[in-house]
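Please find below some notes on the model, to be read alongside the coordinates.

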Amino acid sequence: MSHVTVRVLLVEDDAVDRLACRRALAAQPGYVFEVEEADTARAGLQRAHAEAPDLILLDYHLPDMDGVEFLAELAADSGEMAVPVMMLTGADNVGVAVDAMRRGARDYLIKDSAGDYLKLLPTVIQRVLRESQAHADKRAAEEQLCAAEARYRSLVEQIPAIAFTAALDVPGNLLYVSPQIQRLGFSQDEWLANPDGVLNRIHPDDQARVLAAFAHSYESGEPLRCEYRLLTRDGTPRWFLDEARVVRDAAGTPLCLQGVLIDITEDKQREAELESHRRHLERLVAERTGQLEKQTVMLRSANANLVKEIDERRQAERALRAGEARFRLLLDSAGEGIYGLDTEGRCTFVNEAALAMLGYARDELLGRETHSLIHHTHADGSAYPAEACPVYDAFRKGQPTHGLVELLWRKDGSSFPAEYSAQPLRETEQEAERVSGAVVVFRDVSEAQALRHLLSYQATHDALTGLVNRQEFERRLERMLIETRGDGEECALLYLDLDRFKIVNDTCGHTAGDQLLRQITARLHEHLRGRDTLARLGGDEFGVLLEHCPLDQALRIATELRDAAQDYRFVWEGKPFSISASIGLVPLSATTGSVSAALAAADAACYAAKEQGRNRVHLYQPDDALLAQQHTQMQWVSRLTHALDNNRFRLYQQVIVPLGQHGQGRPHHEVLLRLLDEEGRVVEPMAFVPAAERYNLMPAIDRWVVREVISRHAVQQRHAPVAERPIFAVNLSGSSLADERLAEFVCGLLAEHGVPADMLCFEITETAAIANLSRATEFIQALKCEGCLFALDNFGSSMSSFAYLKQLPVDFLKIDGSFIRTIAEDSLTRAMADAINRVAHVMAIETVAECAESAPILALLKELGVDHAQGYALARPQPLPETDALALDADGAARNSARRP
């Protein structure tokens, strides 16, 4: 355990009392009292000054002086008691002890005869020491506070700002202001005596804004930052920045506002000057920019300005320097490169933009002949003589040059394309005009040329594959045809269509399809010559131009392309796909017609390759029967479009007759389509339906048929009893099944005309249903929910008929006519028809026999239990009766008037 050591000076002339005091102190636990003794006052003073004890125990009665005198001498040197003194006095000297306390003694004890004061002695000493330490700490803190206050006051009085402290109760009431306030012509006392303080010297125009700022700072406690003007004693306004904050005590209570006023008058003046200069510079830059935008006018104006400045330079050197400064500012603010030439082609001035583009320092160009530095070589590397340079014409012939694009050369040897103009500089001397030089303005057009090249590339190339696009392909084909007519060279055109590409696109998505096109493009390129052109014409169709290529070589290249596509395996997400290519080849010669004719021939040849089984090359020949057939189909496109626009289609019907008691008794007709040609003759569907299917016109024709049946025929008998209500069987093509909005279209017509849905039966061929099974099933289910009926047409034509039948919720099964025609002679077809009929009945589907063309066939069909029959033995197709408007009731007429055209 550590002990506190206390050095005690005991001034006592009585040895017994000294010994008693030692013992009393030695018995005190926790302290070690080192006691030094003096038996006289003088000896005590000497030891007190020499040893500086922690405490003096002073007896009042000493031989050479009393205790009060001792205290007086002890404090005589410094004016205060450096060592705490504790007085020991007799019982009859209480008054003396009290007097000693006034003289600086910290405490006293009265010696009693019983010696009880000795028991209190250690405790009183401890208290005196604590009080002495507290007094010393307080004195030190006061000294530090005084020193800090002196330093702060010295600092505040030295800074170039006015420091202040303001009360919070009255805005502007100052509690303190630094002597710097004298700069305004006021003393500190004048401002402190004025209750308005700073407010009465604020410029009248600023007072409302400043008061609001003060009030906001007082209310919110946020720091104050405000610029305003103060009036000096003579009324001169000066700008100050007032920055202050609310001072709070430890509890957060606001005490006062402290801050500084910084004189920013000079800053404001500089700001005003800078703003004036800025506006002046902006005006100059704007003027120069406007001049640069008007190239020819700018150059002439610049020439006039230069001439004017030269005249002014002759009049006064000072005006010359000012003019040169303005001119330099205009030049350097321009984005284009500008330099001047004298009549020898030497550089007279150059702006920063020109130096930056050319890579030269100003001193490296001024005074030097510029052609040999920046304009010395053509783009092809050949020398560029100075006398051939159009820039020289400006000062030699006085001819301006505009909008030329040539290479300029940098200091490092690199070059860039620049568009430049040169204007002659003209001077007038003694009323005679002469050319004194030229001004050249140029700009770097590298980015503009690169952008033009990029736009040209994008305009002529396919974004996905990077191949030439159709527009550029046709342009090259036209050029090839012209060359062929001129020199008789043999060339060839290939039209390539990818087989089974749609499978990849539909199965894996367009991203996979795009990747396939990019990969197959690379494969095809490997088998072409460098001068051949491969283009993407659209979708999965490609075109190839084979220049200077005889027919046998063209066939070989086309075969290689076909084999490359056949050998290619596309893998997407671990699934392999194989494709092939159908290629149409057209030899190009002097007799070949236009671009459109050549492309039409190639397209026809490609289609012929597909019709022959795909994955082959078909050579176009003018007398090709297959191509002639396709040409005929193409002619049908415009005729069918015209027929749709002019309502030249006609509807026929063929009755479907029930054969037995299981057949439905309602009237049942298949709606058949005919075309009325331009001469009024009826055209059978087999003449135009293949073309309509080939060129995707069937969806529009199917919609026309559905609209006509509902709005002109079914609507007339919609109120008939259910047993007498007819069924209209309408054929739908495979392409119509892919129309996602067809079901909505049908439902809309039924609702519009109030026709019961069970009056419509849609016939879908087995082939079309199987080709798009999921879509067919979705379409059937959507319309069956409305009440429509469905028939599966030409059933039995596919080897997988029964496999798909259970997935299609149809009401009728129409047995393919190929079975029915030979059912009386061929037992095998009879057995197959019987099997189809039985399976249909098991699935609760009624059967219809197509092509029942004789009485024996009808007899066999009844024997087999077929439900319905249709054919010439029963009735031939007849035109559907025309609508009789008078037969429509009022409700029907109203509905019919609202139908779409």
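**Notes on a helix and a sheet**

1. The buried residues of helix H7 are Asp206, Val210, Ala213, Phe214, Ser217 and Tyr218. The model is a predicted one.

2. The length of H7 agrees with expectation: its 17 residues (204-220), at 1.5 Å a residue, should span 24 Å, and the end C-alpha atoms are 25 Å apart. Just after the helix, glycine 221 has a positive phi of about 80°.

3. The sheet is an open one of five strands in the order S17-S18-S16-S21-S22, and its pairing is mixed. Strands S17 (533-538) and S22 (617-619) stand at the edges with a single partner strand each, so one side of each has no neighbour in the sheet. From one strand to the next, the twist averages 20°.

4. Which residue of S18 is the bridge partner of arginine 536? The partner is phenylalanine 542.

5. Helix H19 (residues 551-567) lies across S16 (491-499), S18, S21 (580-588) and S22. Relative to S21, H19 runs at about 165°.

Technical notes:
Residues numbered from 1 in each chain as written. Predicted model: local features only at pLDDT ≥ 70, side-chain atom pairs only at ≥ 80, totals over all residues. Heavy atoms only, no water. Helix = DSSP H or I, 4+ residues; strand = E, 2+ residues; numbered from the N terminus. Expected span 1.5 Å × (residues − 1). Buried < 20%, exposed > 50% of the residue type's maximum accessible area, 1.4 Å probe, protein only. Pairing = 2+ DSSP bridges. Axes fitted to C-alpha atoms, helices over the stretch in contact; angles between N-to-C directions. Contact = heavy atoms within 4.5 Å.
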